[in-house]
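This report walks through one protein chain, element by element. Keep the structure open while reading.

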Amino acid sequence: MTAAAQTTAQTAAPKIAEEDRLRADLYNFLGLILARPADQGLIDQTAGLTGDASAIGEAVTTLAKVAKISKPKAVESEYNRLFIGLGRGELLPYASYYLTGFLNEKPLAQLRQDMTARGLARAENVFEPEDNIASLMEMMGAMIVGRFGTPATLGQQKSFFNKHIAPWASHFYSDLEGAKNSVFYAPVGRLGRAFMEIETEAFRMSAE
């Protein structure tokens, strides 16, 4: 998988609340670690993470411990079994598949409409459908901090999340956590699931 969004819009760096920047960082991390097999640099970065007693913190701690004993070749092999395989991997990490049972269906068309409305487009060197989990994580992180223009309001974030991520991402992350081929990626699934649960509840409680 590869991240899908790009834009030509360039603006001065907006002031972002620390909480939102941390949210964006976590979205970006999930997007990066799911976009392609982790190389040595990303494995080392992941091994250096520290967590706390929260659900997300515990998942981070577990992921860091696994990363410390992981090698790029083994992670690449695991990634291929999970997401590529012979014909297809163990998991198909696309909104269309999770919501309709087929690839390139209505959820992808709806996402493309919303991307166009926000000035986003798939990068020319990317061939993955835009509704893959890595691209959606990257898009959400970018919207929060305004990497592609003006930061999205809480209402805009909520709308995008509820339409394109909430209906299926937690299910995907649970599947990733429990997949038979998951070792390095099992705590990634645990982390993603915990984060999606927190985001879902936070948006549910938001007034905007």
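## Helix H2 and its cover

The cover over the buried residues of H2 includes H1, H3 and helix H4 (72-83). The model is a predicted one. H2 itself spans residues 40-47, and its buried residues are Leu42, Ile43, Thr46 and Ala47. Viewed down the axis of H2, these buried residues fall within an arc of 140°, so they line one face of the helix. An α-helix has 3.6 residues a turn, so residues three or four places apart point the same way.

## The largest pocket

The largest pocket has a volume of about 570 Å³. It is lined by 25 residues, and the closest to its centre are Leu22, Arg23, Leu26, Ile56 and Phe195.

H1 supplies the largest share of the lining, 7 residues. What is the make-up of the lining by class? It has 13 nonpolar, 6 polar and 6 charged residues.

## The nonpolar core

In soluble globular proteins, nonpolar side chains tend to be buried together. Here the largest nonpolar core holds 58 residues. Leu34, Phe172, Tyr173 and Leu176 touch the most other members. Helix H7 (residues 133-145) gives the largest share of this core, 10 residues.

Which residues does Tyr173 touch, not counting residues up to four places away in sequence? The list is Leu30, Leu34, Ile133, Met137, Val188, Gly189, Gly192, Arg193 and Met196. One of these, Leu34, is itself among the core residues that touch the most other members.

Glu199 is found in helix H10. Is Glu199 buried or exposed? Its relative accessible area is 4%. The cut-off for buried is under 20%, so Glu199 counts as buried. Leaving out residues up to four places away in sequence, Glu199 touches Arg23, Tyr27 and Phe161. Arg23 is also among the residues closest to the centre of the largest pocket. Glu199 and Gly149 are 50 residues apart in sequence, and their C-alpha atoms are 22 Å apart in space.

Gly57 lies in helix H3. With 5% relative accessibility, Gly57 is buried. Gly57 touches Gly51 and Asp52, again not counting residues up to four places away in sequence. From Gly57 to Ala95 the separation is 38 residues in sequence and 27 Å in space, C-alpha to C-alpha.

## Glu177 in helix H9

Glu177 lies in helix H9 (residues 169-178). This residue is partly exposed, with a relative accessible area of 27%. Partly exposed runs between the buried limit of 20% and the exposed limit of 50%, so 27% puts Glu177 in that class.

Where does the chain come back to Glu177? Pro187 is 10 residues away along the chain, and the two C-alpha atoms are separated by 6.3 Å. Setting aside neighbours within four places in sequence, Glu177 is in contact with Ser182, Ala186, Gly189, Arg190 and Arg193. Gly189 and Arg193 are also among the residues that Tyr173 touches.

## The loop between H5 and H6

Asn104 sits in the loop between helix H5 (95-100) and helix H6 (106-117). Most residues other than glycine have a negative phi. Asn104 has a positive phi of about 60° although it is not a glycine.

Gly101 lies in the loop between H5 and H6 too. At 37% relative accessibility, Gly101 is partly exposed. Gly101 and Ala142 are 41 residues apart in sequence and 28 Å apart in space, C-alpha to C-alpha.

Technical notes
Residues numbered from 1 in each chain as written. Predicted model: local features only at pLDDT ≥ 70, side-chain atom pairs only at ≥ 80, totals over all residues. Heavy atoms only, no water. 1 Å grid on protein atoms, 1.4 Å probe; cavity = no way out; pocket = protein on both sides within 12 Å on 5 of 7 lines; lining within 4 Å. Points joined across faces, edges and corners; volume = space filled by probe spheres on them. Helix = DSSP H or I, 4+ residues; strand = E, 2+ residues; numbered from the N terminus. Nonpolar A, V, L, I, M, F, W, Y, C, P; charged D, E, K, R; others polar. Core = buried A, V, L, I, M, F, W, Y, C linked by side-chain atoms within 4.5 Å. Buried < 20%, exposed > 50% of the residue type's maximum accessible area, 1.4 Å probe, protein only. Contact = heavy atoms within 4.5 Å. Arc of directions from axis to C-beta.
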